[in-house]
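Here are my notes on this model, as numbered points. Please read them with the structure open.

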Amino acid sequence: MIGTFRAALAVAGIACAVPLVLAQSAADEIEKYRRALQDGNPAELWEARGEEMWKARAGPKNASLERCDLGKGPGVVKGAYAELPRYFADADRVMDLESRLVWCRVALQGMTEADAKRNPFGSPERKADMEALVAYVTGESRGVKMNVSLDHPKMREAYAVGEKIFFFRGGPHDFACATCHGEDGKRIRLQDLPNLTSKAGAQKGYTTWPAYRVSQGELRTFQWRLNDCFRQQRFPELEFTSPASVALTTFLAYNANGAAFDAPAIKR
Amino acid sequence: MADPMKIRANVVGDSTEVKVLMNHEMETGQRKDAQGKTVPAWFIQNVTATWNGKTVLNAQWGPAVSKNPFLAFKFKGGAKGEKVQITWTDSKGDKRTDEATIA
Amino acid sequence: MQTKHWIALASAAALVVGCAAMAPGPSDAEVRAKAAEVMKASFKDRGQAKVDRLTQDETQATCSQYAGKELPKDVAARIEQANLAAIKYPANGNYLGDWKRGEQIAQRGTGFQYSDDPAQPSGANCYACHQLTKQEISYGTIGPSLHNFGKLRGYGDDMKKYAWGKVWNAEAYSACTNMPRFGHAGILTEEQVRDVVALLMDPASPVNQ
């Protein structure tokens, strides 16, 4: 009697474990596949196009972006992304990379702000200048340790506001960023989720954007990632380079401090 | 002419290892755009690699090859400083040739 | 001499206290107000997702306030009671629908995004967070496994009512849960909730095999 019961339990145990094992090994195999894709990352094509664009004359002023100050001095691209977002005195506000690129395209190249912000997320039919520029600039911070400073009071304010937005429950589904990114070891379907409230999670999550998104065949930036998260949270649309996007980026980038930047990467 | 390829060629033992990243939309002809219209097929049909005037690889591709294709292959021979050339032609008759120096 | 010394000390102390009161920076409420202002200036209407979705109800506001912190027991109790009272039970007392349709609803991840067609039915996207059937290995782990939900708990009326309540308004049982309030928010229709409950509580459902 007991023997059969124990045997039945053991069988039941295995039967229950099998789908768990299958799901975990499927997730592991997918992770292996993603790592194998890193050789020959098409993001390099965006980096090359971005470098050309940085050096090319454009806009009504027919000027290049080579005098653009990303925070380390005019034209200094190497290591600049690892220190963004930061406060810029000329704009008197905190800016992430994309808002700073918009600023430079307006100030140096004479574009209107509307033109500089147009088509930020590309498609096969319409390539986005911004994605190429971001790929180039971020590539120049590869291997550099994240080093965002909260010295300036406006940076501290952006961080605090970003944190509040991260935990803001809203919309018909009551979702916040924290709903999916607030705990260790969770995943949606078979996609592992970084816990952005922990140092290790924030480091992993932040340092791998921008990335070539294989499923879209496009290079996607951090502004895109925030925009698409809010779409899936059932929120209205997050405006490109809006103050909320910069505040959230400040919160997450600072939390990632100390980790080596590892992008443009490749993702599913 | 289309956007340039990224080519890396390295000596490995008595062979040369070549890695090529090509810039191409590789449309299958099955995809529909945002307006619901079918996007016409447009893909690389032929890839040729040459070294010292010799063809070391010839490939016929179809719409199953993905966007921004990555091609890696090895051939016997090759020395540092020599050149490897890659040429592709596509279904619209467009063509692209790029060259790399073996490292 | 003594009184002068005392007054000097007192005013020095007042100065110190005053400075200390200024130094720490904005209060939690002030930061929340600033964040609300920043969000209002940063989101715009698109498709069916309008900016009025950023207006929080009592549950959302309270849960946001305590997010990342310990939720006090009395606050949790209030949230659960309020949400329990708001549950709409099926008019005819029939909790079970069609589990086959329930499985489709569990698999569907669209609905209410600005990229979604409002004319199409919404899914509940259960598999995003939960394991359900043994066959589906592409499941998430934000929520606990629901495999054998009915089989483990029994198929009685009380359990059916509980399952209905959980799907309709999960906050009624677990304050500040990550789970959406599918019936309460109108994400699923009453008929769809019935189908999801069937997926969980029908003995013939693959979830219970």
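1. Start with a helix pair in chain C. Met159(C), Lys160(C), Ala163(C), Trp164(C), Val167(C) and Trp168(C) in H8(C) meet a set from H9(C): Val193(C), Val196(C), Val197(C), Leu200(C) and Met201(C). Contact here means C-beta atoms, placed from the backbone, within 7 Å.

2. A word on the source. This is a predicted model: local features need pLDDT of at least 70, side-chain atom pairs count only at pLDDT 80 or more, and totals for chains, interfaces and linings use all residues. Residues are numbered from 1 along each chain as its sequence is written, while chains are lettered from A and ligands numbered from 1 in the order in which they are written.

3. Now the geometry of that pair. H8(C) (residues 157-168) and H9(C) (residues 190-201) pack at about 130 degrees, with axes 10 Å apart. Axes are lines fitted to C-alpha atoms, for helices over the stretch in contact, and angles run from 0 to 180 degrees between N-to-C directions. The two helices are therefore oblique to each other (angles under 35 degrees count as roughly parallel, over 145 as roughly antiparallel, 65 to 115 as roughly perpendicular, the rest as oblique).

4. Chain C as a whole has 9 helices and 1 strand. Helices (H or I, at least four residues) and strands (E, at least two) are DSSP runs, numbered from the N terminus. The order of elements is α-α-β-α-α-α-α-α-α-α. Of its 209 residues, 39% are buried (20 or more other C-beta atoms within 10 Å of a residue's own, these atoms being placed from the backbone; 12 or fewer is exposed, in between is partly exposed).

5. Chain B holds an open antiparallel sheet of 3 strands, ordered S1-S2-S5. Strands pair if DSSP finds at least two bridges between them. Strands S1 (6-12) and S5 (70-76) of chain B are the edges. The twist averages 15 degrees from one strand to the next. S2(B) (residues 15-21) pairs with S5(B) over 7 bridges. Val18(B) has Phe73(B) as its bridge partner in S5(B).

6. How do the chains meet? Of the 2 pairs in contact, chains A and C share the most contacts. Chains B and C do not touch; their nearest C-alpha atoms are 11 Å apart.
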